[in-house]
Amino acid sequence: MTSTGFLYSNGMIFYPPDTPAISTFLESNPGAYTTTRTHNNTASLLFWDRHLQRLSNSVKILLNSNPQFLFKSLNSTINPLLNPPPPPNPMWESTIKSLVNETVNKVLPVALRETRNEGEELAVTALVTGNTENLSEVKGNLYEALDVHVHVGSHVPHVFGVKGNGARVAVVGPGRDIAEAKYSDWVRLRKSLEKLRPPSVTELLLSKDGDRILEGCVTNFFAVCRKDYRNEKYLGGNENTFPYEVQTAPIGDGVLPGVIRQLVIEVCLSKGIPFREVAPSWSEHEFWQEAFITSSLRIVQRVEKIQVPSSWQSLELKALKEISWEEKQFEEDPGMITALIQKEIMEKAGL
């Protein structure tokens with residue numbers, strides 16, 4: 001399969017080479033979206049029900065707070081139709097899920113018929129956009145003003161635990177607005193951070209102050225810390241069982257409620273691994289034993305190295321060559337906690 005894949009949009013299926021890259025398509029169209037992948041040789045979509053729920057929530061959040069991220073070219077005639085936002089409809093979630101599933105079923109079978117390389121899966125992105133032209137015609141059923149687009153492309157799954165396969169991350173910018181929703185405009189907005197990407201870095205991290213780390217541009221971030229530096233109450237487990245705690249920033253700090261992020265929390269609770277929703281603090285990085293990032297394409301990827309600007313104010317210079325970095329290198333092999341969490345999530349996925 002070609003790298004651009006297939007697209008269902010505006011009632012049509014686009015084939016290679018007419019299909020744009022997924023980043024190009026998302027930059028060009030407003031809306032809420034979610035991305036997952038197939039697994040077990042394209043037998044099913046990974047945690048699809050959870051993705052549909054998060055997608056539905058993202059649409060509602062944008063509709064209620066920032067409809068310009070959902071509808072293209074809002075104007076003075078249309079704005080009053082969304083202000084105030086329409087009251088919740090009990091059929092809202094089920095209708096959106098049905099619309100998305102219906103669209104996926106139109107394009108995914110086409111992609112599945114294409115020849116794939118051994119070990120290759122499919123990345124599937126569903127985008128829900130507001131149809132401005134239809135908005136003035138709907139009467140109470142706002143979902144009738146929504147369009148669904150689905151992009152399907154090839155994906156080679158990350159292999160966990162292989163030497164050299166760790167993530168190299170760097171903190172380069174502030175957190176994003178409306179972080180609890182996954183919306184396409186962020187694909188464009190995060191481009192400004194690319195000029196600050198150090199060589200060989202594979203993911204950019206966000207922070208409000210250069211100390212407390214929120215998330216990655218396309219991932220959630222976790223640190224595994226020694227517990228001997230503070231006396232706190234932990235979520236999950238007997239604190240004598242594990243000498244570590246897993247930390248990740250809470251949703252309220254401005255992070256995306258990632259599907260895999262939630263699974264990490266569930267695994268920690270079920271396995272008795274101490275867990276706290278607190279933004280990992282770089283000022284305490286000497287206590288970090290492991291770190292990892294999560295997403296539905298990567299699942300769990302250990303962090304090999306993290307870089308943080310020596311001065312947060314130096315980022316305002318907007319020039320990579322003028323930034324000095326502090327860094328922490330982790331062990332080459334995945335740590336015990338990261339490996340356990342990854343194993344449990346893979347089992348939940350049936351992998």
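Colleague: Before the helix packing is discussed, what makes a crossing left-handed or right-handed?

Modeller: A crossing is left-handed if the near helix is turned anticlockwise from the far one by less than a right angle. If the near helix is turned clockwise instead, the crossing is right-handed.

Colleague: In this predicted model, which handedness describes the way α2 passes α6?

Modeller: The contact between these helices is made by Arg 50, His 51 and Arg 54 in α2, which meet Val 259, Gln 262, Leu 263 and Glu 266 in α6. The crossing of α2 past α6 is right-handed.

Colleague: Which term describes the orientation of α2 to α6?

Modeller: The two helices pack with their axes 10 Å apart and at an angle of about 120°. Angles of 65 to 115 degrees count as roughly perpendicular, and over 145 as roughly antiparallel. The angle of about 120° therefore makes the orientation of α2 to α6 oblique.

Colleague: Which term applies to α6 and α7?

Modeller: Residues of α6, among them Ile 260, Leu 263 and Val 267, meet Ile 341, Glu 344, Ile 345 and Lys 348 in α7. The axes come within 10 Å and cross at roughly 110°. Because 65 to 115 degrees is the range concerned, α6 and α7 are roughly perpendicular.

Colleague: What distance does helix α2 reach from its first C-alpha to its last?

Modeller: Helix α2 covers residues 48-65, which gives 18 residues. At 1.5 Å a residue, the expected span is 26 Å, and the model comes close to it. The distance reached is 26 Å.

Colleague: Which elements cover the buried residues of α2?

Modeller: The buried residues of α2 include Trp 48, Leu 52, Leu 55 and Val 59. Their cover includes β3, β4, α3, β5, β6 and α6.

Colleague: Which element gives the largest share of the largest nonpolar core?

Modeller: The largest nonpolar core has 64 residues, and those with the most contacts inside it are Val 100, Phe 221, Trp 288 and Ile 306. Eight residues form the largest share, and they come from α3.

Colleague: Which residues does Val 100 contact beyond its neighbours within four places in sequence?

Modeller: In general, nonpolar side chains tend to be buried together in soluble globular proteins. Val 100 is among the residues with the most contacts inside the largest nonpolar core. Beyond its sequence neighbours, Val 100 is in contact with Trp 48, Leu 52, Leu 55, Ala 126, Val 128 and Val 148.

Colleague: Is Phe 222 buried or exposed?

Modeller: Phe 222 is found in strand β10. Its contacts, apart from neighbours within four places in sequence, include Val 246, Arg 261, Val 264 and Phe 292. The relative accessibility of Phe 222 is 0%, and so the residue counts as buried.

Colleague: What separates the C-alpha atoms of Lys 182 and Gly 31?

Modeller: Lys 182 is found in the loop between β7 and α5. At 16% relative accessibility, Lys 182 counts as buried, because the limit is under 20%. Among the residues Lys 182 touches are Gly 31, Tyr 33, Arg 54 and Leu 256. Lys 182 and Gly 31 are 151 residues apart along the chain, and their C-alpha atoms are separated by 8.6 Å.

Colleague: What is the phi of Asn 41?

Modeller: Asn 41 lies in the loop between β3 and β4. With 57% relative accessibility, Asn 41 counts as exposed. Although Asn 41 is not a glycine, its phi is positive, at about 60°.

Notes
Residues are numbered from 1 along each chain as its sequence is written. This is a predicted model: local features need pLDDT of at least 70, side-chain atom pairs count only at pLDDT 80 or more; totals for chains, interfaces and linings use all residues. Side-chain values use heavy atoms; hydrogens and water are left out. Helices (H or I, at least four residues) and strands (E, at least two) are DSSP runs, numbered from the N terminus. The expected span of a helix is 1.5 Å times one less than its number of residues. Buried means under 20% relative accessible area, exposed over 50%, partly exposed in between (1.4 Å probe, protein chains only). Contact means heavy atoms within 4.5 Å. A nonpolar core is a set of buried Ala, Val, Leu, Ile, Met, Phe, Trp, Tyr and Cys residues joined through side-chain atoms within 4.5 Å. Axes are lines fitted to C-alpha atoms, for helices over the stretch in contact, and angles run from 0 to 180 degrees between N-to-C directions. Angles under 35 degrees count as roughly parallel, over 145 as roughly antiparallel, 65 to 115 as roughly perpendicular and the rest as oblique.
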